[in-house]
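Subject: The structure, with notes

Hi there,

Here is the structure I promised to pass on. Please open it alongside this message, and my notes follow below.

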Amino acid sequence: MDSSSIELPGSEVESIALDNDTLTIRFSRAIIIKTMSGSAERTRWWQAGALVYEGATLETDIPDCPCVCEGGDVGENVYTYRDMIPLPLNSQGRARCDLKFNNSEERLQAWAEGVRLVMDDRPHYIKHIREEDG
């Protein structure tokens, strides 16, 4: 089985907006790690897209953008994804985010009624990641 996930640390955030009750975190360059079953090697890609929370309530102010994500938690129902987001992601039910950003003490914290990833275009290859590369 193949799997893909967004690696939050190092992913570039273009904008964060709350429109009515929809929170959109727009990535200009989300870092994607692809893994193929049976292989020790992984590949690194980038792709634009958005993490969209419906029925969202902010607990903090929206940080200044553009910025680079340093990591954090994305939660959906009983699952918490630390420093990563599985691809695809489309979930109804209790959702949350708690993200950190570079060169700042600011965090983005919110609760919502659902979360989904909407990716644009296609992924762009960066490099192979070998075991010794980490």
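Arg44 is buried, with a relative accessible area of 19%; buried means under 20% relative accessible area, exposed means over 50%, and partly exposed is in between, using a 1.4 Å probe and protein chains only. This is a predicted model, in which local features need pLDDT of at least 70 and side-chain atom pairs count only at pLDDT 80 or more, while totals for chains, interfaces and linings use all residues. Residues are numbered from 1 along each chain as its sequence is written, and side-chain values use heavy atoms, with hydrogens and water left out.

You will find Arg44 in strand 3, which covers residues 42-54. Strands are DSSP runs of E with at least two residues, helices are runs of H or I with at least four, and both are numbered from the N terminus. The side chain of Arg44 makes a polar contact with the side chain of Glu7, at 2.8 Å. A polar contact here is a pair of N or O atoms within 3.5 Å; within protein, one must be able to donate a hydrogen and the other to accept it, and residues adjacent in sequence count only if both atoms are side-chain atoms. Leaving aside residues up to four places away in sequence, Arg44 touches Glu7, Ile31, Ile32, Ile33, Tyr125, Ile126, Lys127 and Ile129, where contact means heavy atoms within 4.5 Å.

**Two loops with cis prolines**

Which peptide bonds are worth a look? The one from Cys65 to Pro66 is cis, with omega near 5°. Pro66 sits in the loop between strand 4 (57-58) and strand 5 (67-76). The bond from Leu87 to Pro88 is also cis, with omega near 0°, and Pro88 belongs to the loop between strand 7 (84-87) and strand 8 (90-101).

**Two asparagines with positive phi**

Asn20 has a phi near 55°, a positive value in a residue other than glycine. Its place is the loop between strand 1 (2-19) and strand 2 (22-36), and Asn20 is exposed, with a relative accessible area of 71%.

Asn77 has a positive phi near 55° as well, and lies in the loop between strand 5 and strand 6 (79-82). Asn77 is partly exposed, at 44% relative accessible area. These two strands form a hairpin with two residues between them, and they pair in the antiparallel sense over four bridges; strands pair if DSSP finds at least two bridges between them. Tyr79 in strand 6 is the bridge partner of Glu76.

**The chain as a whole**

The chain has zero helices and ten strands. With 134 residues, a compact globule would have a radius of gyration near 14 Å, and the chain agrees with that at 15 Å; the radius is taken over C-alpha atoms, and the globule rule is 2.2 Å times the number of residues to the power 0.38. The C-alpha atoms fill a box of roughly 45 × 30 × 25 Å along the principal axes.

Of the 134 residues, 40% count as buried. Among contacts with a separation of 6 or more, 68% come from residues 24 or more positions apart. The chain exposes about 7,400 Å², with carbon and sulfur atoms supplying 45% of it; accessible areas come from the Shrake-Rupley method with a 1.4 Å probe, and for residues only the protein chains shown count as cover.

Best wishes
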